[in-house]
Amino acid sequence: MKSIDNSNDINMVRAIFIETLSGEFLLKTGFGVYAFLAPADINHLFKEYLHQPQPLKIFSKSCVRNHAI
């Protein structure tokens with residue numbers, strides 16, 4: 001039962017991550033994250049985010065700087 005709860009938690013964190021990342025792209029470029037990155041790239045960024053100490057907002061701003069045209 002613990003693994004089900006953990007799976008739900010990670011899915012919630014992933015949804016918040018994508019929503020925040022897309023919002024930052026939308027704010028800075030006028031387009032959501034999927035206009036710039038493929039789903040596999042977003043998943044890779046999510047895994048990076050899980051293993052670093054920055055708050056989500058700062059991480060998402062750096063992603064926009066690094067990946068937006």
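Predicted model: local features only at pLDDT ≥ 70, side-chain atom pairs only at ≥ 80, totals over all residues.
The background here is simple: an α-helix has 3.6 residues a turn, so residues three or four places apart point the same way.

L45 also shows up in the packing. The largest nonpolar core counts 13 residues, and F17, L21 and L45 have the most contacts inside it. At least two residues of this core come from each of helix 1 (2-29), helix 2 and helix 3 (56-67). Leaving aside residues up to four places away in sequence, L45 touches F17, L21, L37, F59, C63 and H67. As a general matter, nonpolar side chains tend to be buried together in soluble globular proteins.

Helix 3 also holds S60. With a relative accessible area of 0%, S60 is buried, and, again not counting residues up to four places away in sequence, S60 touches T20, L21 and E24.

Then there are the rings. The structure holds five aromatic pairs. One of them joins F25 and F36, with 5.3 Å centre to centre and 35° between the planes, so the pair counts as tilted. This pair links distant parts of the chain, with F25 in helix 1 and F36 in the loop between helix 1 and helix 2, 11 residues apart. F25 is buried at a relative accessible area of 0%, whereas F36 is partly exposed at 23%. Elsewhere, F17, F46, Y49 and F59 make up one aromatic cluster.

On the charged side, a search of the whole structure turns up two salt bridges. In one, the side chains of E24 and K57 meet at 3.0 Å, N to O; this pair ties E24 in helix 1 to K57 in helix 3, 33 residues apart. The other is formed by the side chains of E24 and K61, at 4.0 Å, N to O, and again links helix 1 to helix 3, with E24 and K61 37 residues apart. As for accessibility, E24 counts as buried at 1%, while K57 is partly exposed at 45% and K61 is partly exposed at 33%.

Note on methods:
Residues numbered from 1 in each chain as written. Heavy atoms only, no water. Core = buried A, V, L, I, M, F, W, Y, C linked by side-chain atoms within 4.5 Å. Buried < 20%, exposed > 50% of the residue type's maximum accessible area, 1.4 Å probe, protein only. Helix = DSSP H or I, 4+ residues; strand = E, 2+ residues; numbered from the N terminus. Contact = heavy atoms within 4.5 Å. Phe/Tyr/Trp six-rings, centres within 6.5 Å; stacked < 30°, edge-to-face > 60°.
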